Amino acid sequence: MDKGKYYITTAIAYTSRVPHIGNTYEAVLADAIARFRRSEGYDVYFLTGTDEHGQKIQDQARAEGIEPQAHVDNIAGEIRRIWDFMNVSYDQFIRTTDPKHMEIVQKIFKKLYEQGDIYKGYYEGYYCKPCESFFTETQVKDGKCPDCGAPVEKAREEAYFFRMSKYAARLEQYILDNPEFIQPESRKNEMLNNFIRAGLQDLCVSRTSFSWGVPVDFDPGHVVYVWIDALSNYVTALGFDPDGNHGELYKKYWPADVHLIGKDILRFHTIYWPIMLMALGEPLPKQVFGHPWLLFGEDKMSKSKGNVVYAEQLVKLFGVDATRYYMLHEMPFAADGSFTYELLISRYNADLANILGNLVSRTHAMTKKYFGGVVPAPTCPDAIDDDLKATAAAAIEKAVACMTDLHVADALDEIWALLRRSNKYIDETTPWVLAKSEETKERLGTVLYNLLESIRIAAALLTPFLPETGARIRSQLNLPEEAIDGLTWGGTAAGTALGEAETLFARIDEKAKAEEIAAVMAPPAEEKPAVEEEPENVALIGIEDFEKVQLKVAKVVACEPVPKAKKLLKLTVELAGKERTVVSGIAKWYKPEDLVGHSVVIVANLQPVTLRGVESCGMILAADAAEDDVRVIFADGIPSGSSIH
């Protein structure tokens, strides 16, 4: 049944670095919603992609010694590869360096300028490079960005501005008239009270301090700033044209049914973007959903905290669908979710191996044993069957209702309620007892039919979330792929021969998996950044903690590159008459001859670690002197073996 169009988008991923699982979650979440909607009968168009312009990109490319386009090509390729192996079923992957996107961005900018919504001026304030945002002096806290905590720089430059205040009252009324526009509800109140009603500042929409961006074609030296460039991808991807010559996709799918974004960029999508659309005379998206974050324990994932986890690592450890299940199940609708390996293993064993995997395995095995692997006919019903059927009907109805409201974790809970009820049904009906007598064989066939039927319904509901698992269940039970729309009890055909059995999720040995996690999650030496991000909220330590660290002066007696590791140097140092090897990621800043003969400070009691086949017994101290500038701390003139206090 065709239920009409459904246009869903993710925020486009910034190509500064490969995304961790917190970023990957958004793509998986959007995919589950898109797949569910398709299964309901909607004509779905699913857009994702990459945001590829900005000063940060230009600076990173310069540090790497490559052109910005080469840098973004590499990262965008990695992001798309991750989306693909996570089974993200997007219809289009847009890049903001796509020529057609850039052309339309220029036309949008020019139209807004010509109609007086954009004007030229000067910006003077504090600039945060990671956020690519300007802030006033009152917004800056202790010289740091109020959003991410990074240091800000005072800047003044010629720029174009968008007259946000012109549309503020109209936007406020739209939000009030459309209560579903901003979700969850708490986010709506935040946008209204903290930003719109507090008074909107005109928005800086061009830059002159860097060149990696969409050029303002009527004013050389200016590039279109991120807000217009990145946000407009949602319409340029569909063939929007400011002159009104829209493509067929735009005519069909706009306005978007939902923009799925992280809660940290809600302001841009619920204030800046709607106002741009108002100025262009275009309809606003129906809903912007600011999903919460997936935290590591109780902390936001950050390289500086050493708690970043990548989807590819989890897939190696647990598989794609187990990783997807954890992401989708552990994220509440309006509160941050939590990631821990312990909880992931617990969910894997309890939910996937025991409840789901065991149900499919037991049902398949009993059908094979008692009926030769052929689906029996349900010819002997009993009152006890009614509750299982009612649970299946409720699972369909409630899962659809949950997904309509984007309560994805709750939808999974409804599916697992059916799986739990099915396992309980086995205990209640005791098929192994029924199999002992020919007189109860007909009842046994009905029981197994009911179990196969409940699994069929669960598989159909489950497939949008765990597509590989859904396909494997259908293969074992020889079931056709089914849509959720029209899903009712009784669809399994008696007489169907089952497929081959396989284990869906083998139970995990926690101790063995912990050892595997330690090996897989250790970052490859060549990928470990030599310069760490600025630590956030560094914890204070006591003198007893500091005394545990042995800082010693050591003399470098030999040094050479580590084979096949362009960032690593192998140093042989002499420490109080004894030699040891230390591997350091400083090859970008120092040649071996720069170090030999000098004395350095090392952490002497660091646990040895093997990097690229070389055992490193210590760590050299170095300073992050400036952006992309690392300086080794030399201690020439101090005797080898001296302690640093």
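Which residues are buried in helix α5, residues 168–177? I will come back to that after two remarks on the model. This is a predicted model, in which local features need pLDDT of at least 70 and side-chain atom pairs count only at pLDDT 80 or more, while totals for chains, interfaces and linings use all residues. Residues are numbered from 1 along each chain as its sequence is written, and side-chain values use heavy atoms, with hydrogens and water left out.

Now to helix α5. Its buried residues are Ala-168, Leu-171 and Ile-175. Buried here means under 20% relative accessible area, exposed means over 50%, and partly exposed is in between, with a 1.4 Å probe and protein chains only. Helices are DSSP runs of H or I with at least four residues, strands are runs of E with at least two, and both are numbered from the N terminus. In general, an α-helix has 3.6 residues a turn, so residues three or four places apart point the same way.

What do the buried residues of α5 pack against? They pack against β8 (182–183), α6 (185–196) and α10 (266–280), where contact means heavy atoms within 4.5 Å. On the face turned away from the buried side, α5 carries the exposed residues Ala-169 and Asp-177.

Next, the sheets. Two strands count as paired if DSSP finds at least two bridges between them. Strand β7, residues 153–162, runs antiparallel to β9 and is joined to it by 2 bridges. Phe-161 stands opposite Cys-204 in β9.

Another open sheet has 3 strands in the order β10-β12-β11, and its pairing is antiparallel. Its edge strands, β10 (206–207) and β11 (214–215), each pair on one side only. β10 pairs with β12, residues 223–224, over 2 bridges in the antiparallel sense. Here Arg-207 stands opposite Val-223 in β12.

On to charges. How many salt bridges does the structure hold? There are 35, a salt bridge being a side-chain nitrogen of Lys or Arg within 4 Å of a carboxyl oxygen of Asp or Glu. I will go through some of them.

Lys-5 and Asp-257 meet in a salt bridge at 2.9 Å, N to O. Lys-5 is in strand β1 (residues 5–10) and Asp-257 is in the loop between α9 (248–253) and β13 (258–262), so the pair ties together parts 252 residues apart in sequence. Lys-5 is partly exposed, with a relative accessible area of 21%, whereas Asp-257 counts as buried at 12%.

Arg-324 forms a salt bridge with Asp-31, and their closest N and O atoms are 2.7 Å apart. This pair links helix α12 (residues 320–329), which holds Arg-324, to helix α1 (residues 21–40), which holds Asp-31, across 293 residues. Both Arg-324 and Asp-31 are buried.

Arg-81 and Glu-312 also meet in a salt bridge, at 2.9 Å from N to O. Arg-81 lies in helix α3 (residues 68–85) and Glu-312 in helix α11 (residues 311–318), 231 residues apart. Arg-81 is partly exposed at 32% relative accessibility, and Glu-312 is partly exposed at 31%.

There is also a network of salt bridges that links Glu-330, Arg-347, Asp-351 and Arg-420.

Arg-474, in helix α18 (residues 467–477), is buried yet has no salt bridge. The nearest side chain of opposite charge is that of Glu-481, 4.2 Å away; Lys and Arg count as positive, Asp and Glu as negative, and His and the chain ends are not counted. Beyond its neighbours within four places in sequence, Arg-474 is in contact with Thr-463, Leu-479, Pro-480 and Glu-481.

Last, the cysteines. How many disulfides does a search of the whole structure find? It finds 0, with a disulfide taken as a pair of cysteine sulfur atoms within 2.5 Å. For Cys-559, the nearest cysteine sulfur is that of Cys-617, 16 Å away. Cys-559 counts as buried, at 15% relative accessibility.
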